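Below is a short report on one protein model.

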Amino acid sequence: MKLLIVEDEEDLAMGLKRGLRKNGYEVEWIGEGRDGLALALAEDYGCVLLDLNLPGLDGLDLLRRLRAEKPQQKVLILSARGSVGDKVKGLDLGADDYLVKPFHFEELLARIRNLTGRRFIRQDVVVCRGSLRIDTGSHQVYVRDQRLKLTAKETQILETLALHEGKRLSAETIISQVWGEDEDLFSNAFKVHLSSLRRKLAAASGEDWIECQRGLGYCLKENPNEKA
């Protein structure tokens with residue numbers, strides 16, 4: 001499901017974007033009101049997360065115009081304006097819900113699910129590459145049918161690479177999927193877990209399964225006999 005964040009506070013928007021992506025949403029962000037309105041009218045979004053204090057076009061004006069042209073669009077206001085009057089005005093103009101900043105991320109997720117009627121149906125995937133088998137349902141990894149003892153983070157890194165078959169992932173992308181936080185905070189932890197994962201895979205299979213190319217990112221090899 002695709003979400004649109006219209007928010008001029010970049011740090012907040014980036015944090016929301018990472019968290020929502022980790023929870024399975026496709027997310028776009030824009031920091032200006034007029035551009036936000038144009039995107040909301042041009043694309044189909046499951047929900048628009050709308051700040052009110054926006055440059056270019058105020059959030060309430062954006063909401064008013066969006067409702068006039070696209071009345072079915074779900075809109076969740078995220079605002080520091082927390083008075084009863086502000087909430088009433090936003091809801092009267094057509095917002096489907098109103099969440100006052102600061103808020104807990106889990107509450108935001110619950111409100112999005114409530115607005116969109118989204119219920120997650122997990123599709124477990126088993127990825128097989130030669131002697132390597134990765135069961136994303138049970139979170140277990142096997143080499144030649146022998147279970148490999150990995151830490152939770154090592155397993156998550158391997159699953160992330162396996163589920164993006166054919167794509168190279170940057171360290172930032174993997175960190176956002178596994179830790180859900182800033183790259184700067186967890187880059188050292190990622191390197192430690194990745195190094196340990198590669199050693200365990202090599203010890204069990206005699207093969208180097210993870211390829212890394214500077215500037216291009218990481219991927220799970222199709223042919224583990226290839227040199228990284």
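## Arg 81 and Asp 58

Arg 81 is partly exposed because its relative accessible area is 22%; buried means under 20% relative accessible area, exposed over 50%, and partly exposed in between (1.4 Å probe, protein chains only). Its side chain meets that of Asp 58 in a salt bridge, at 3.2 Å from N to O. A salt bridge here is a side-chain nitrogen of Lys or Arg within 4 Å of a carboxyl oxygen of Asp or Glu. The pair links distant parts of the chain, 23 residues apart. Arg 81 sits in the loop between strand S4 (75-79) and helix H4 (84-92), and Asp 58 in the loop between strand S3 (47-50) and helix H3 (59-69). Helices (H or I, at least four residues) and strands (E, at least two) are DSSP runs, numbered from the N terminus. Asp 58 has 25% relative accessibility and therefore counts as partly exposed.

This is a predicted model, in which local features need pLDDT of at least 70 and side-chain atom pairs count only at pLDDT 80 or more, while totals for chains, interfaces and linings use all residues. Residues are numbered from 1 along each chain as its sequence is written, and side-chain values use heavy atoms, with hydrogens and water left out.

## Other salt bridges

A search of the whole structure finds 14 salt bridges. In one of them, the side chains of Glu 9 and Lys 101 meet at 4.0 Å, N to O. These two residues are 92 apart and join distant parts of the chain. Glu 9 lies in the loop between strand S1 (2-6) and helix H1 (10-22), and Lys 101 in the loop between strand S5 (97-100) and helix H5 (105-116). Glu 9 counts as partly exposed at 44% relative accessibility, whereas Lys 101 counts as buried at 14%. Both belong to a network of salt bridges that also links Glu 7 and Asp 51.

Arg 64 forms a salt bridge with Asp 61, with the closest N and O atoms 2.6 Å apart. Both residues lie in helix H3, three residues apart, about one turn of the helix. Arg 64 is partly exposed at 39% relative accessibility, as is Asp 61 at 29%.

## Helices H6 and H7

The axes of helix H6 (residues 152-163) and helix H7 (residues 171-178) come within 10 Å and cross at roughly 120°. Axes are lines fitted to C-alpha atoms, for helices over the stretch in contact, and angles run from 0 to 180 degrees between N-to-C directions. The angle makes H6 oblique to H7: under 35 degrees counts as roughly parallel, over 145 as roughly antiparallel, 65 to 115 as roughly perpendicular and the rest as oblique.

Lys 153, Gln 156, Ile 157, Thr 160 and Leu 161 in H6 meet Ile 174, Gln 177 and Val 178 in H7, contact meaning heavy atoms within 4.5 Å.

## Around Leu 150

Leu 150 is placed in the loop between strand S9 (146-148) and H6. Leu 150 is buried, with a relative accessible area of 18%. Beyond its neighbours within four places in sequence, Leu 150 is in contact with Val 141, Thr 155, Leu 158, Leu 197 and Lys 200.

## The whole protein

The protein has eight helices and 11 strands. Of its 228 residues, 43% count as buried. The C-alpha trace spans about 65 × 35 × 30 Å along its principal axes.
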